[in-house]
Number of protein chains: 2
Amino acid sequence: MPMFLDTLDAGFEAAFRDLLAAKREDTPDVDDIVAGIIADVRARGDAAVIELTARFDRLELTPETLVFTPEEIDAECAKVPEHERRALEQAAERIRAYHVRQMPQDQRWTDPEGASLGWRWTPVSAAGLYVPGGLASYPSSVLMNAIPAQVAGVERLVICAPTPDGKANPLVLLAARMAGVKTIYRIGGAQAIAAMAYGTATIAPVDKITGPGNAFVAAAKRRVFGRVGIDMIAGPSEILVIADADNDPDWVALDLLSQAEHDESAQSILITDDAGFGQRVAAAVAARLETLERRKIAAASWRDFGAVIVVRDLNEAATLSNRVAPEHLELCVADPEALAEKITHAGAIFLGQWTPEAIGDYVGGPNHVLPTARSARFSSGLSVMDFLKRTTLAKMTPEALRAIGPAAQTLAVSESLQAHGLSVRARLDRLNER
Amino acid sequence: MPMFLDTLDAGFEAAFRDLLAAKREDTPDVDDIVAGIIADVRARGDAAVIELTARFDRLELTPETLVFTPEEIDAECAKVPEHERRALEQAAERIRAYHVRQMPQDQRWTDPEGASLGWRWTPVSAAGLYVPGGLASYPSSVLMNAIPAQVAGVERLVICAPTPDGKANPLVLLAARMAGVKTIYRIGGAQAIAAMAYGTATIAPVDKITGPGNAFVAAAKRRVFGRVGIDMIAGPSEILVIADADNDPDWVALDLLSQAEHDESAQSILITDDAGFGQRVAAAVAARLETLERRKIAAASWRDFGAVIVVRDLNEAATLSNRVAPEHLELCVADPEALAEKITHAGAIFLGQWTPEAIGDYVGGPNHVLPTARSARFSSGLSVMDFLKRTTLAKMTPEALRAIGPAAQTLAVSESLQAHGLSVRARLDRLNER
């Protein structure tokens, strides 16, 4: 059974704090192994990648077969059933339409002193997307990572996707093709991250690496950060549903389970202003768990990290939700827009009972790569911004320098940075000679 | 003497690669010490912070005196000479005016399927700014960190600024006041970072920590990352100047020295299409070094990491500069705007000979916290965005769900995530019953 809390309970605050502090992930410490793998790939390049792929993925490669040929991609894509292809196309179109709107504007203006100021956005030159193998090989993640990069204008976009025992996922290859990725390496793990960060004879290095992965991949991303940019290191998935009694308990139960089924460390929380409704949802979860394919995982997640919290009113619900700062937040209430106004921290908000979170995982349009583990307090989901960077621009005229240069000189002197001051002073002196 | 390179030299490519790969920072490994300090602050709170401050800053504090009182701040601010106050005010106004323009827009729209989509920006609730003590205590950095946070709408903004031997920097306190920061703790080092990340009885935890610091501060920021957001970990400063022969060699020399004087690990590079001009700049640097206050530091930086590169034309200059991806880039050429169009990676561009980089350090308006160590390939300088996060919004109508739900269900099934599919299916079934 999940935790049942009521804000009127004497022990509520302590129990809620425990819920917030619960360490849901017990990542194995693979940092030393990963450091060795990265050093090996840096030293021996392709040879190391090929040996590690043989060892971990039971797949014998050569420098020539590290990458899928266009014909191999064609052959895999041809295996995708028509209805899956159409679903993927609809998803890709909607994700693209959403992300195109995220493209930020350059700005340039002249201020009253005559200084011309502004900034300009430019794409990262090369990005590498990691796609896990095996069970966690999600074509939807390929679209969610590759389309923002493509929209941002990244020139060279590559994918590393391990194929354990040589088995590729046709939908992953089709998703890559839809997102404009032509270069796909059949390698994975820390060796793939190292190859993308440092390059090998066959694999050109990239500037940014994104995408989910196991503990080895996460540790490798942390280690190459600085050499290249990375996206967030995602933790277990989370959902918080705020629902009033005017909902179908089974729908809410399924929404909670759609996070719980991801991972035994996932977390599903229901906040409701009706204790009876909370009980009905818990009963519906129990009923669905009897037949769910991934019931072992979902049951463990719901038992260990699930919670039903009863509040006095929706204001209290918003306050608690903001303390959680959930990755996914569903607002199944009569006026979801009004409640959303009170939400200050959440990765993604799903408004109203016709918007199950799963829509956002696939076809809604917004990105499904979102901040976990309360990091929505300070970070955002993946977007085109992750594949762009901003260069600031400043151009002084002699008049502008005359107006603001003296202040720069004064501050440079106060910071004991003489050459800074002199670089301004030398120019001001010239102006004064005129 | 710095390195002289000519792109026509046989060994140019190898030498340029060496220049790019040069490891300029040899950060002491203080990670174990820092881990101990953080654990101590988490376990013992204020008591640990006070003991560590006594040990490292030779300053005896109590929980009551951890924070500056308003009267203490008044008294320190009163020590600032009038011309410095005015310079700081001009800087603050210009920095604010620039950063106000960075505020991103919320968006909301309804797509052809009837789905309402969009996003909303919200500020981080609480941010902590670190300001180093001693020589690196720069009031300009207070403005550059605090003003973007203030513009973003951060509700609670605190500063940690160590005061070794009890000596405060009046200009730092005045800069904090100008930027609206009322809470200033006189603590520093890893203990200050730990206190802001985890909180103590006296110091409330924050959600985001920014600002420069020594090796201990940098290691502590790396360690608390995830618990809170952090800005970049900045490396030694860098400048690249592209200049044609139509410049005063002394101005360019001073611009190069204004980076070199920061730090023995700083790097200053001149790229010019005129070998004679390159020689004249090198001579001007040597002449200025004879009398410069920080000549020991600047001479070491110029000797060990400085470079003069002669190119055939400005296209070649842009190509090399993009491979460097410099933190600061000055374009001292006849048509700097045209050359800027060819620049794809740079933290900040200073256009034309009347725009010395030092203007950008203080009063230009753009932020002076910029990506170092070639990270302008994938990251941007500090901005209001660092103190905001984006929540995505999605709202389906029954009709929208009918239009896109089936695709979500298909993809959920293809990824073996049954509950995801059922959460959509249950709603579609209800619609079909109607």
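How much area do domain 1 of chain A and domain 2 of chain A bury between them? They bury about 530 Å², 50% of it on carbon and sulfur atoms; buried area is the accessible area (1.4 Å probe) that two parts lose on being put together, summed over both. This is a predicted model, where local features need pLDDT of at least 70 and side-chain atom pairs count only at pLDDT 80 or more, while totals for chains, interfaces and linings use all residues. Residues are numbered from 1 along each chain as its sequence is written, chains are lettered from A and ligands numbered from 1 in the order in which they are written, and side-chain values use heavy atoms, leaving out hydrogens and water.

**Domains of chain A**

- An automatic or database assignment sets the domain bounds, giving domain 1 (3-25 + 235-364), domain 2 (31-105 + 125-230) and domain 3 (396-433).
- The C-alpha centres of domain 1 and domain 2 of chain A are 33 Å apart.

**Where domains 1 and 2 meet**

- Each of these two domains of chain A brings 6 residues to the contact (heavy atoms within 4.5 Å).
- On the domain 1 side, A:Tyr362, A:Val363 and A:Gly364 lose the most area to domain 2 of chain A, together 63% of what that side buries.
- Look for salt bridges here (a side-chain nitrogen of Lys or Arg within 4 Å of a carboxyl oxygen of Asp or Glu), and the rule finds 0 between domain 1 and domain 2 of chain A.
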